[in-house]
Amino acid sequence: MENGSFALCILFLELALCWAYAMFVDYTGESIGIVVDNDLDRVRGTHARKHLSSIYYYMFQDVHLTVVIGFGFLATFLKRYGYSSIVPNLLVVAITLQWATLCQGFFQMQRGKIHVSITNLVHADFATLAVLISFGTILDLTTPIQLIIMALCEVVCFATNEYISLDILQISDVGVSMLVHVFAAYFGLTVSCVLRNNRPERESVSITLPTSDLFAVIGTMFLWLFWPTLNASLAQGDAQHRAVINTYYSLAASSVVTLAICLSSLLDKKPFIMVHIQNSALAGGVAIGTVADMMIYPFGAIIVGSFAGLVSVIGVPEMNRKFGIRDPNGVHNLHGLPGLISALVGAIAAVFATEKNYNYTLYRLFPARTPMVKTPDYWNLEHHVGNVSPGLARSALSQGAYQIAALGTTLAFAVFGGLFTGLVLRLPLFKQKRRDNFINDEA
Amino acid sequence: MENGSFALCILFLELALCWAYAMFVDYTGESIGIVVDNDLDRVRGTHARKHLSSIYYYMFQDVHLTVVIGFGFLATFLKRYGYSSIVPNLLVVAITLQWATLCQGFFQMQRGKIHVSITNLVHADFATLAVLISFGTILDLTTPIQLIIMALCEVVCFATNEYISLDILQISDVGVSMLVHVFAAYFGLTVSCVLRNNRPERESVSITLPTSDLFAVIGTMFLWLFWPTLNASLAQGDAQHRAVINTYYSLAASSVVTLAICLSSLLDKKPFIMVHIQNSALAGGVAIGTVADMMIYPFGAIIVGSFAGLVSVIGVPEMNRKFGIRDPNGVHNLHGLPGLISALVGAIAAVFATEKNYNYTLYRLFPARTPMVKTPDYWNLEHHVGNVSPGLARSALSQGAYQIAALGTTLAFAVFGGLFTGLVLRLPLFKQKRRDNFINDEA
Amino acid sequence: MENGSFALCILFLELALCWAYAMFVDYTGESIGIVVDNDLDRVRGTHARKHLSSIYYYMFQDVHLTVVIGFGFLATFLKRYGYSSIVPNLLVVAITLQWATLCQGFFQMQRGKIHVSITNLVHADFATLAVLISFGTILDLTTPIQLIIMALCEVVCFATNEYISLDILQISDVGVSMLVHVFAAYFGLTVSCVLRNNRPERESVSITLPTSDLFAVIGTMFLWLFWPTLNASLAQGDAQHRAVINTYYSLAASSVVTLAICLSSLLDKKPFIMVHIQNSALAGGVAIGTVADMMIYPFGAIIVGSFAGLVSVIGVPEMNRKFGIRDPNGVHNLHGLPGLISALVGAIAAVFATEKNYNYTLYRLFPARTPMVKTPDYWNLEHHVGNVSPGLARSALSQGAYQIAALGTTLAFAVFGGLFTGLVLRLPLFKQKRRDNFINDEA
């Protein structure tokens with residue numbers, strides 16, 4: 001593809017997005033002129049609730065920052081240095097944010113309109129996170145146009161899977177370990193597999209300047225610190241509180257385990273790959289994701305974190321060698337396997353969740369477990385907590401089964417979506433001057 | 001000026017500031033000992049409102065961070081590397097914050113006292129932002145003492161213009177595109193013009209180490225991510241909500257347009273200047289500023305952002321060449337022209353703002369449009385929303401005219417203030433050893 | 001100690017922590033399933049209070065970020081570059097966070113359980129801050145195992161001193177200048193003294209690459225910007241408001257004074273040590289700590305900041321030379337002396353605190369000054385502000401005396417704790433391959 005036509009394509013895409021927004025996207029009731037409490041006036045009668053944006057704004061800002069800078073950093077700076085990866089990455093982020101709003105909104109349309117509020121921006125950020133995670137597997141293989149095509153395809157698969165898991169299967173995945181991390185890791189690894197088969201294996205030259213390594217380390221610390229936000233941003237009240245606490249301890253534990261192993265091996269001159277160590281230190285954050293708001297107690301969080309760190313630092317490299325998985329940026333040991341652990345632990349915790357432990361917030365975590373309308377259970381619940389949206393009266397065991405089912409669906413979407421996307425990317429249409437030359441041009 | 005006397009001057013300035021604070025500055029009622037709800041106690045009777053600081057604190061922290069690190073970075077690290085620009089910049093920031101509180105407070109004095117609350121700190125940060133933007137135009141020309149004199153003069157002009165625009169003309173400029181970006185850009189360009197005429201044109205040697213370039217790119221991403229905060233920080237409730245959403249999409253659109261053009265030109269080996277590309281990607285944030293909280297809908301934000309990106313990346317370099325504007329840090333294409341676009345779009349949006357679209361929040365966005373006291377319109381409004389501060393019953397059209405008038409005032413203050421400041425800086429009194437030598441001293 | 005056994009030790013420590021958490025740590029009532037207002041539902045009857053996590057979360061995130069990245073940076077990047085300091089530091093942080101929860105919780109146990117909420121995480125972060133400050137004094141001397149032993153000992157001393165000062169002596173120290181900064185600085189300097197006596201004085205080679213210097217400068221700016229959060233995070237309502245405002249002006253003043261002196265000396269080619277200048281610019285934040293929420297007015301904050309800056313940049317280097325204190329990272333001039341200033345100013349401000357100035361919030365700042373139960377004063381107070389926890393009816397003067405007493409206790413704990421820790425670290429058990437070799441291994 002010529003470069004002039006590449007730019008034209010992008011501009012045309014932006015035009016199409018603009019048209020779609022004009023047709024389908026509107027503000028929510030929250031963002032149009034309804035007089036709401038501005039927090040400064042005395043709370044008055046019917047206006048006695050806080051505005052949505054003042055609740056979610058700070059969460060949104062933290063998530064936004066973490067996704068783009070944190071993951072942008074880690075994914076980009078390690079292998080390639082400087083503009084050559086930043087410019088296409090920011091371009092893809094900017095397209096993905098707009099595209100994700102449309103794809104995710106499609107499933108929530110009301111009277112032909114997508115009503116955008118600040119929560120849509122948070123969800124679009126999570127879709128972008130999935131795309132950035134997948135990029136880690138193929139950044140050394142692809143041209144900018146391929147990155148964009150992949151992002152467009154991935155977001156469609158992602159939004160569909162998200163809708164099926166959350167709205168149809170009604171599972172709980174507060175830290176999106178399944179919906180984002182597992183999905184993105186295996187989607188990316190599948191695409192990478194398809195693309196690598198296509199071309200002769202060449203040693204991907206990784207330019208690791210000291211500075212870019214340093215940025216990667218800082219990016220890791222940055223993610224380490226913001227991970228409680230990532231896991232808690234979609235929860236509320238006491239569930240959010242637990243999500244912060246559990247993530248905090250899980251990360252601390254996985255870091256202790258990972259860094260102890262790494263330090264001792266460094267001292268013994270057996271070199272570990274630094275990027276794998278960084279990723280393993282973060283594995284606790286992914287592994288606690290699905291269960292972050294569940295009643296696993298701080299010691300449970302420590303156990304999950306330690307186990308994930310151990311598996312990630314020792315198990316995954318072994319596994320990659322055995323199955324011939326090429327994963328230069330450590331996507332498998334940060335997102336893939338810890339995500340699987342999280343999904344399984346989540347299913348187990350869901351089986352043991354009772355009204356006795358969780359009190360009535362059980363029904364906020366697992367809405368499908370709410371009693372069906374006009375049953376004695378329902379009357380009883382309504383008597384205690386006021387008006388309740390009736391649910392499916394799902395049992396604890398079947399909630400666990402649904403959690404596993406959602407894992408299966410996610411893996412299926414990841415693998416088949418990745419296969420399809422990989423084949424699309426191999427179309428001769430998307431050949432472009434290689435990034436390697438592109439880098440040389442600059443130098 | 002000798003260096004010893006330079007230090008003495010600064011210390012004397014600090015002493016004067018301290019005296020002025022002792023004379024004129026007091027806490028607000030919010031920050032003295034009135035027992036207010038601490039959010040932990042049960043809400044009780046008359047204390048049922050949140051404390052001001054818990055509302056504005058997080059906004060303040062984000063704005064503070066963005067202004068100093070974000071703009072400090074971009075302005076400093078590009079051309080000059082390291083301490084030689086950081087030390088004077090931080091010095092100027094520290095002086096400006098204190099000076100701006102006094103200048104802005106002067107217009108809001110009550111009984112001879114300036115009552116300082118956290119919102120004053122946010123406003124002082126915006127004044128500092130204006131100073132840092134202007135610095136971008138003259139950083140290669142000036143000595144530390146000149147920077148300080150310029151900051152002192154600029155803040156006076158800025159605070160006066162702000163008072164005239166907001167309190168007398170009663171215009172709406174939530175993202176301060178007019179009051180900060182347009183003002184600061186043309187103030188700086190005028191000063192730069194005056195100073196450059198004074199001395200023989202020499203090629204300003206720009207030391208762009210790879211590391212400092214990298215920092216500039218990260219600074220850009222940082223600003224890109226925090227821009228929704230910058231535009232939303234002065235709004236409330238649903239207006240804040242719209243400000244976040246509009247800025248988000250406007251930035252995404254301007255980045256797509258700019259980076260597509262840049263990528264294609266990079267691949268064609270026509271080199272763009274990287275700093276201009278970075279600035280153009282951010283142009284959407286400035287261009288949406290004035291209208292960020294207005295009802296322009298996401299597609300409107302995308303159109304504004306795309307247009308600003310296009311003008312900024314293609315139009316401004318052309319324009320600078322034509323009019324002989326020297327702008328090594330791209331202040332004109334990030335702040336100047338996009339700010340003008342924003343002011344004009346704001347005037348148009350103000351003309352089309354009706355009570356039908358905005359509901360009663362119309363009168364919060366445009367207080368001058370509130371009906372005059374004791375008219376039938378006023379009784380009607382009060383009937384619907386409770387106690388209302390009466391306004392000027394301004395029509396939509398005349399509100400639009402006032403927006404344009406404020407743009408005129410702002411440009412006048414910028415150009416004449418810049419001219420005056422430039423002439424002051426040329427006084428032989430402020431000659432000092434040049435920064436170039438200063439850099440060599442360190443090396 | 002062998003490296004294999006080092007890793008085993010750490011893993012065993014993690015196991016022990018996990019056991020202790022399983023035995024003693026539980027969620028608070030706030031984080032278990034009590035149905036609380038999720039801020040989105042209409043406020044209903046008895047549930048009309050905000051959830052704890054939504055109040056403290058953002059504060060926690062900012063403190064977490066500042067402590068680990070901000071202080072991690074400054075302490076580590078200056079002297080040693082890259083992984084060799086980051087890996088052990090992150091390991092120690094991860095252990096300290098878990099250990100501090102236990103140590104601090106031990107004094108607050110209820111029925112044999114430590115009830116963990118988000119405020120515990122903030123307090124654990126402050127304990128970690130103390131450990132990171134102390135590291136600055138000995139980073140060039142110690143092996144990873146010694147760092148860990150020191151962190152474990154220091155946290156025990158820290159938690160005990162914190163309990164004595166806050167719960168027994170009932171002093172006010174909102175910005176933890178005494179409890180963290182003074183304690184950590186003199187603890188670290190004592191340990192460093194004990195360790196240095198043990199070995200022949202050799203020139204510690206400080207590798208200051210331009211990049212790591214740059215990171216240090218950015219770290220300084222980062223701390224400068226987040227310091228209002230550090231000082232305000234433990235306050236509420238109007239006290240929090242004052243803490244932000246006072247810290248803002250104090251930092252600005254100390255920076256102006258410090259940088260003016262530094263600029264003039266740079267221009268005169270008398271070289272200052274950059275790290276000392278950076279630290280002095282921040283001294284205003286430490287010096288205002290204890291009094292940050294007291295009624296000292298903005299001009300008082302400016303005076304305190306200026307004085308601290310002056311003492312820190314001129315006095316401390318002189319003092320270190322005189323008393324032979326070795327302090328390569330400037331811990332004494334950032335944390336030690338400014339902390340002492342803060343404690344003394346705090347005692348003075350406490351003496352002048354009256355109900356006339358502070359209104360009823362006086363009793364929130366100084367709970368011990370609340371009247372004793374069932375006295376006429378108590379009835380009077382309860383009449384005005386509702387239910388009150390009775391206090392000790394301490395006078396203003398004796399509150400001042402208690403503030404001084406707490407300073408004494410803190411210094412005693414710091415010096416004797418440091419002595420004990422230093423002697424423990426000299427045990428041959430903790431000999432390990434030196435960090436210097438460790439660095440060479442990597443190169």
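Modeller: Chain A has an average pLDDT of 81, and 81% of its residues score at least 70; pLDDT is the predictor's confidence in each residue, from 0 to 100. This is a predicted model, in which local features need pLDDT of at least 70 and side-chain atom pairs count only at pLDDT 80 or more, while totals for chains, interfaces and linings use all residues. Residues are numbered from 1 along each chain as its sequence is written, chains are lettered from A and ligands numbered from 1 in the order in which they are written, and side-chain values use heavy atoms, without hydrogens and water.

Helices are DSSP runs of H or I with at least four residues, numbered from the N terminus. In chain A, pLDDT is below 50 over residues 434-443. Where pLDDT is low, the predicted coordinates should not be read in detail. For the complex, the predictor gives an ipTM of 0.87 and a pTM of 0.89.

Now the pair. Helix H5 (residues 144-168) of chain C packs against helix H15 (residues 396-425) of chain C at an angle of about 160°, with the axes 10 Å apart. Axes are lines fitted to C-alpha atoms, for helices over the stretch in contact, and angles run from 0 to 180 degrees between N-to-C directions. H5(C) and H15(C) are therefore roughly antiparallel (angles over 145 degrees). The residues of their contact (heavy atoms within 4.5 Å) include Cys153(C) of H5(C) and Phe413(C) of H15(C).

Methods
Helix = DSSP H or I, 4+ residues; strand = E, 2+ residues; numbered from the N terminus. Parallel < 35°, antiparallel > 145°, perpendicular 65-115°, else oblique.
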